[in-house]
Amino acid sequence: MRLGGLLRNHKRHGSTRLRYNWGMDDCIFCSIANGDQDKLVWHSDKVAAFNDIHPKARVHILVVPKKHVVSLDDLDDPELAGELLLAAREVAHQGGVKGGWRIQVNTGRPAGQVVDHLHIHVLGNPGGDPAAWGIAG
Ligand code: 5GP
Ligand code: ZN
């Protein structure tokens, strides 16, 4: 990791967490959301969706804002909040799980948030197989 990344990590995990100074260079979800569109399953001007790298259900898509927002605790834009939720529904339907799907937003380390870029897990199993459910995070 470069020195800048180390310093930012140090500050993030210290008492004065820097919420807004975590730019695209360091954030994997910023890179994916604003990178190669072929890797996205859906996107709009402000929102992107892509498959989770370790799926916990047959359909496991992550819906994220294209701009960096650390977590739901940091989201202050009601319009973007609505767009994210409707995008979650859109990708669930697109994934073939209309009528039986769930969302999960892990917020903060104690709740299992590992990637510090707000993401909605969209989980579902085409065919509605109840044995195929997992919990994300
Ligand atoms: P969290 O625990 O933060 O709510 O969830 C992070 C999710 O991001 C996990 O389900 C994990 O599998 C997924 N993930 C982590 N790194 C990558 C990555 O580089 N690409 C993709 N597509 N998903 C990732
Ligand atoms: Zn980011």
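**Shell around ligand 1**

I sorted the shell around ligand 1 by class and found 8 nonpolar, 7 polar and 2 charged residues, bearing in mind throughout that this is a predicted model. I then looked up which of the 17 residues around ligand 1 come nearest, and noted Asp 52, Asn 106, Gly 112, Val 114 and His 119.

**Polar contacts**

For His 121 I recorded a distance of 2.8 Å between a polar side-chain atom and an oxygen atom of ligand 1. With Ile 53 the backbone takes part, as one of its N or O atoms lies 3.3 Å from a nitrogen atom of the ligand. I next checked how much of the ligand the protein covers, and found that ligand 1 taken alone exposes 520 Å², of which the protein buries 84%.

**Where the ligand sits**

I asked myself in which pocket ligand 1 sits, and the search placed ligand 1 in the largest pocket. Looking at which elements give two or more residues to the shell around ligand 1, I listed helix H2 (28-33) and strand S2 (47-51). H2 gives the most to this shell, with 3 residues.

I noted a volume of about 400 Å³ for the largest pocket, and I counted 20 residues in its lining, with Phe 29, Asp 52, Ile 53, Leu 62 and Val 115 lying nearest the centre. The elements that give two or more residues to this lining are H2 and S2, and H2 gives the most, with 3 residues. By class I divided the lining into 9 nonpolar, 8 polar and 3 charged residues.

Conventions
Residues numbered from 1 in each chain as written. Chains lettered and ligands numbered in written order. Predicted model: local features only at pLDDT ≥ 70, side-chain atom pairs only at ≥ 80, totals over all residues. Heavy atoms only, no water. Near = heavy atom within 4 Å. Polar contact = N/O pair within 3.5 Å; in protein donor to acceptor, adjacent residues only side chain to side chain. Areas by Shrake-Rupley, 256 points an atom, 1.4 Å probe, with all protein chains shown as cover. 1 Å grid on protein atoms, 1.4 Å probe; cavity = no way out; pocket = protein on both sides within 12 Å on 5 of 7 lines; lining within 4 Å. Sits in = over half its atoms within 2 Å of the grid points. Helix = DSSP H or I, 4+ residues; strand = E, 2+ residues; numbered from the N terminus. Nonpolar A, V, L, I, M, F, W, Y, C, P; charged D, E, K, R; others polar. Points joined across faces, edges and corners; volume = space filled by probe spheres on them.
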